[in-house]
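Please have the sequence and the 3D view open while reading.

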Amino acid sequence: MFGMWNEIVLSGFADEIDPNLDKQIEVIKKLGMNHIEMRGVNGKGLVEYSLDEVKEIKKKLDAEGIKLSSIGSPIGKIKITDDFEPHFELYRHTVEIAKIMEVPYIRMFSFFIPEGEEPAKYKDEVFARLARFVEYAKEHGVILLHENEKDIYGDIAPRCKEIMEAFYGDHMKAVFDFANFVQCGQDTLEAYEMMKPYIEYVHIKDAKAEDASVVPAGHGDGNVEKILGMLKAAGYQGFLSLEPHLADFAGFSALENNGAKMKKMAGDESFTLAHDSLVEILNRL
C-alpha cells in the first residue's frame, strides 16, 4: 500500500465532509481511514463542548473504531493585540479535551498580526505567549503542533523556523502545510529545507500561486509529490492529514471522467477527491 510507505497514517478534517459526526464517520470508514483531526462536531467546534459532552463524543468514536490524530484547535488563532487570558483558559480546556480523547497532539497557531504592520514589532509578545503555551504543555504531557497559517506571526518559513529554534522539543513541533505556504508567497521547497528538522505532522492541501486557490494535492504549486518523496526518503513516520478546502474547486468537472458540467461539490465529494488525489501520489512514491 502507498508504494510500500507503511509508516504513514491518513487522517483528515472530517468536518469538511459534513457537520454531522455520523456522516463524518461513515465517509472516513468508507475510505478505509480510521483517524480524524477533529475540529468541528455536529456544527460546533470541539473545544466549545463541555468535558462531559466530549466524553460522549469519545464513546461514539470508540464504538466506531475511530481515533483522533490531533485536536484541530483554534488555539493561537486570535489577534496578538487581543486579551490573552480568556484565550489561555480556552487552551487549558483544550488540553483537558486532548486527555479525554487520548491524543497527545494539539494543532495551534502563533497569532494574527495587525494588517499592514511588521511582524517583528510583535515578536516579543508572540514568543511570551508561546512560552506560556509550551510550559503548560510540558506540565500536562501534550504536544503542540504549530501550523504555518497565512497572516499569523509564523506564516513564512523563516519565522516558523524562529519559533522552532526557540521552542522545538518534546512539547512543540511543526505542522507542514503546503497550501498555506503557497498562499503566503513562500516557496515550499525552500520551506521544507528550513523546516525539515522540525516537521512532526503534515497537512495535505495544495494551492495555486497565481490566485491562491486551493486545489487537490498535486494540482497546485506546493510541490506536494516532491516534498512527500523527500519526507519518505528522510524516514518520516506519522500522519498525513487531509484538509481539502475544495467545496468551490472550479476544476472538479475537468477531473471527472464524464466531463460533467461545473458544479459545487458536496463535502463527501471534495473529501473523497482530496483523499484519492493523495493516494495517487503516494502510490507513485
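## Terms and model

On a 1 Å grid over the protein atoms alone, a cavity is a set of points where a 1.4 Å probe fits but cannot get out, whereas a pocket is an open set with protein on both sides within 12 Å along at least five of seven lines; a lining residue has an atom within 4 Å of a point. Grid points are joined across faces, edges and corners, and the volume is the space filled by probe spheres set on the points.

The model is predicted: local features need pLDDT of at least 70 and side-chain atom pairs count only at pLDDT 80 or more, while totals for chains, interfaces and linings use all residues. Residues are numbered from 1 along each chain as its sequence is written, and side-chain values use heavy atoms, with hydrogens and water left out.

## The two cavities

Searching the whole structure gives two cavities of 30 Å³ or more. The largest cavity has a volume of about 40 Å³. Its lining is made of H146, E147, N148, C160, A174, V175, F176, F181, M195 and I199. Two elements, β7 (143-147) and β8 (172-177), each give two or more residues to this lining; strands are DSSP runs of E with at least two residues, numbered from the N terminus. β8 gives the most, with three residues. By class, the lining of the largest cavity has seven nonpolar, two polar and one charged residues. Here Ala, Val, Leu, Ile, Met, Phe, Trp, Tyr, Cys and Pro count as nonpolar, Asp, Glu, Lys and Arg as charged, and the others, Gly among them, as polar.

The second largest cavity has a volume of about 30 Å³. I204, K205, D206, V215, P216, A217, P244, L246 and A274 line the second largest cavity. Seven of these lining residues are nonpolar, none is polar and two are charged.

## The largest pocket and E243

The largest pocket has a volume of about 240 Å³. It is lined by 21 residues, and the closest to its centre are R39, K77, R107, F109 and E243. The lining of the largest pocket divides into six nonpolar, six polar and nine charged residues.

E243 lies in the loop between β12 and α9 (252-255). Is E243 buried or exposed? E243 is buried, because its relative accessible area is 4% and buried means under 20% (exposed is over 50%, partly exposed in between, with a 1.4 Å probe and protein chains only). Leaving aside neighbours within four places in sequence, E243 is in contact (heavy atoms within 4.5 Å) with F13, E16, R39, E147, D177, H203, I204 and K205.

## Strand β12

Strand β12 (residues 238-242) is mostly covered, with five of its five residues buried. Strands pair if DSSP finds at least two bridges between them. Strand β1 (residues 8-12) pairs with β12 in the parallel sense over five bridges, and V9 stands opposite F239 in β12. Strand β9 (residues 199-204) also pairs with β12 in the parallel sense, over three bridges, and H203 stands opposite S241 in β12.

## S70

S70 lies in strand β5 (residues 67-71) and counts as buried because its relative accessibility is 0%. S70 and S241 are 171 residues apart in sequence but 9.3 Å apart in space, C-alpha to C-alpha. Beyond its neighbours within four places in sequence, S70 is in contact with residues including I36, M38, Y105, R107 and Y201. The side chain of S70 reaches the backbone oxygen of Y105 at 3.4 Å and the backbone nitrogen of R107 at 3.5 Å.

Key: Helix = DSSP H or I, 4+ residues; strand = E, 2+ residues; numbered from the N terminus. Polar contact = N/O pair within 3.5 Å; in protein donor to acceptor, adjacent residues only side chain to side chain.
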